[in-house]
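Dear colleague,

Please find the structure below. My notes on it follow.

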Amino acid sequence: ELEESEKFYVGQPRVLLLIYALYNTLVARSEMVCYFVIILNHMISASMITLVLPILIFLWAMLSVPRPSKRFWMTAIVYTEVAIVIKYFFQFGFFPWNKHVDYTKDKPYHPPNIIGIEKKEGYVHYDLVQLLALFFHRSILKCHGLWDEDEKGDSSSNKEDTDDELSLTGGRRDSSASLKSVNLAASVESIHVHFPEQQTAIRRKSSSSISQLSHRSSFSSHRSKRGKCSTSTRNSSQKGSSVLSIKQKSRKELLMEKFREQMIKAKAFTIKKTLQVYVPIRQFFYNLIHPDYSAVTDVYVLMFLADTVDFIIIVFGFWAFGKHSAAADITSSLSEDQVPEAFLVMVLIQFGTMVVDRALYLKKTVMGKVIFQVILVFGIHFWMFFILPGVTERKFSQNTVAQLWYFVKCVYFGLSAYQIRCGYPTRVLGNFLTKSYNYVNLFLFQGFRLVPFLTELRAVMDWVWTDTTLSLSSWICVEDIYAHIFILKCWRESEKRYPQPRGQKKKKVVKYGMGGMIIVLLICIVWFPLLFMSLIKSVAGITNKPLDVSITITLGGYQPIFTMSAQQNQLKSLDPNEFNDFLRSYRGNTAALQFLEGYAREDITRADLEGNSNSLWTISPPSRKKMIQGLLDFDADFTLVISWTIQRTLEEVYPYYIKAPSDSLAKPIKQLLRGMSPDNGKQRMWENITVSLVKNTSEEWWVLNQLGKRQKTPQESLELFIFSDKVSPPSLGFLAGYGIMGLYASVVLVIGKFVREFFSGISHSIMFEELPNVDRILKLCTDIFLVRETGELELEEDLYAKLIFLYRSPETMIKWTREKT
């Protein structure tokens, strides 16, 4: 039957087999599905109600050996059910905060939003999915008989009649494991209630009887028996008091005595309940730090990758951790010499946790990792769900970047819990990228070494937190030799896999593949600035049209006679017919056509300025008289100053075409010439204008009119053509701002220096590069790492001296690196 069943499943379609495989994967990792749904629910809801279960996952479930107990899953199921009921109850409209939902739904510190009882659509959808996942996992455990196996020891304790007996058995069971220093029974017995001695003989007799009864009963007696004993002693004391009524205490003293007795009992009850909670938690973490067996594993690389992804998220999405709600990029902020505070804080915290995690990994201290895990779980959740919403002024559920960062951090928490549960490896040998000798490891390792300061920082941290007798310089020397030998080993292995027959020329695939790629790369680097500056504005450039064109004309430094601005409707773009006529007018002018090739129709703006000045001429009478005298003197020079954006003095009268480059300097265009001046044959690029003074009673102003206008209008006006240069996109502005020479100096020359080092100085490194067989040197480096991990520090010094001698002796190096025969 089993063979037939197997044949039946093998004969099914591949799609159905894929579904079977996915279902089996889901069943095998059903607890991971529950964790994912719980974390997803918390990311979307982000409230105190949903915060409890994620913390329990990282500090209880994932740390449990070998798997989470039934108590955890029952806690998660019951808590989810209670949360659903609470959320449903607070959806009714008679609650005050539900009357203004639209106003308070986006407030991060609104109490119902923090607690998670706000009224909203789909408030319970993810909770129901979470409950469904928990019940699915419960059914899987029941099917495999894993639901009740960890609760067999607790069934007997639940059948005890009194709380005292429960505490005794619980304390005895806990202390029998490994935490022998904590004895719950002894702790509770040490705080047993003892009544104070009485002053009268009758009271002393009664109190002694009480103490005898209490000592006789201890914790093994029932409360009913203690009640009967108390009643009998109370009756005996009442009989004695009838005989010696004079010495009896007052009612107030009896009440105070009774109050003290109740306080002592309450104290004993509180301590007992506290110990019942504290002792299992302490025992849980004690067993975690001191396990009976340890399945050693190493997931530090995955934790480091998760932290690296979080670091990248912070760099490219730093705006999500500050007050700015609009998306931005870090390059634009850094180009303005501004470091956002939120970006700085998040980067430092992320980098600090990576350094601490590396230190714990090198020291192999599980206790430190547990403490770090607890602090980090509580700290991250407090920061992300209570501090960050106040900083960003928006809810966590509305911050997509923060949600992504938190999800990756949850992956890190899961890996960290797995590392704690399994224990650190006993030996840390070399880099994780040096485990195999192939092209992938080779290029990844070289890329790792190219990251600025990463190799140096890793080497110094390893030296600080590793027991060794080597100095820092010797340590770095060993690391450099090991890295160099690993690279040579990868090349030697590649030569063995793809051997080159002797006496045969290199294949064209290799020559044109590798050589051609290097040629193209070098050409691109050399011509990158020219291509970049040429294409960034012509292809990806953005039209930068003027928003305001202002003209100011001043005669001889006196009060300005004309001031006018053009905005909005007065700034017009050329239609296709006008643009074509404009180009045809310069058909025979080569310089003008060459200039116009760099501009499209949308880059040209025609500004129509009103001929009447928009300000009155408020010149003083003495200055007016002096200016008239200067105008009447034809032998003297009288300057005319025309200002636009930046003030300039022109030899002629009025510029017709203005170029508005990306910087602030606007200047006339010399290439667009209208012909020759008839009087002296000079090139003419300005138009004539008429200037007249209009007087109306006591007020007067100037009127200017341009004679040669393309747009013929009857009223007095000025016409001006503005050619706007395209500007680079904001995302590439930081790079385009360097200019061509800046890019050559900062990019081409720097890269050229590294390329030159690769092609020059090869003769000095032949002795250390051309090593046929590096296995023995690689084994020597690995032996140094091994004896260091085992604590053989004297042997470490001897092997290091041997390595240094090997590099100092060329003959020995030749013997060590010969091919094995």
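How many of the residues of strand β15 (residues 717-724) are buried? Eight of the eight are buried, so β15 is largely enclosed by the rest of the structure. Buried means under 20% relative accessible area, exposed over 50% and partly exposed in between, with a 1.4 Å probe and protein chains only. Strands (E, at least two residues) and helices (H or I, at least four) are DSSP runs, numbered from the N terminus.

This is a predicted model, in which local features need pLDDT of at least 70, side-chain atom pairs count only at pLDDT 80 or more, and totals for chains, interfaces and linings use all residues. Residues are numbered from 1 along each chain as its sequence is written, and side-chain values use heavy atoms, leaving out hydrogens and water.

The chain has an average pLDDT (the predictor's confidence in each residue, from 0 to 100) of 76, and 74% of the residues score at least 70. For residues 152-246 the pLDDT is below 50. Where pLDDT is low, the predicted coordinates should not be read in detail.

In a regular strand the side chains alternate between the two faces of the sheet. From β15, Ser717, Glu719, Phe721 and Phe723 point one way, while Leu718, Leu720, Ile722 and Ser724 point the other way.

Strand β15 pairs (DSSP finds at least two bridges between two paired strands) with β4 (residues 604-610) in the antiparallel sense over seven bridges. There, leucine 718 is the bridge partner of leucine 609. With β8 (residues 657-660), β15 pairs in the parallel sense over four bridges, and tyrosine 657 stands opposite phenylalanine 721.

Yours sincerely

Methods: Contact means heavy atoms within 4.5 Å.
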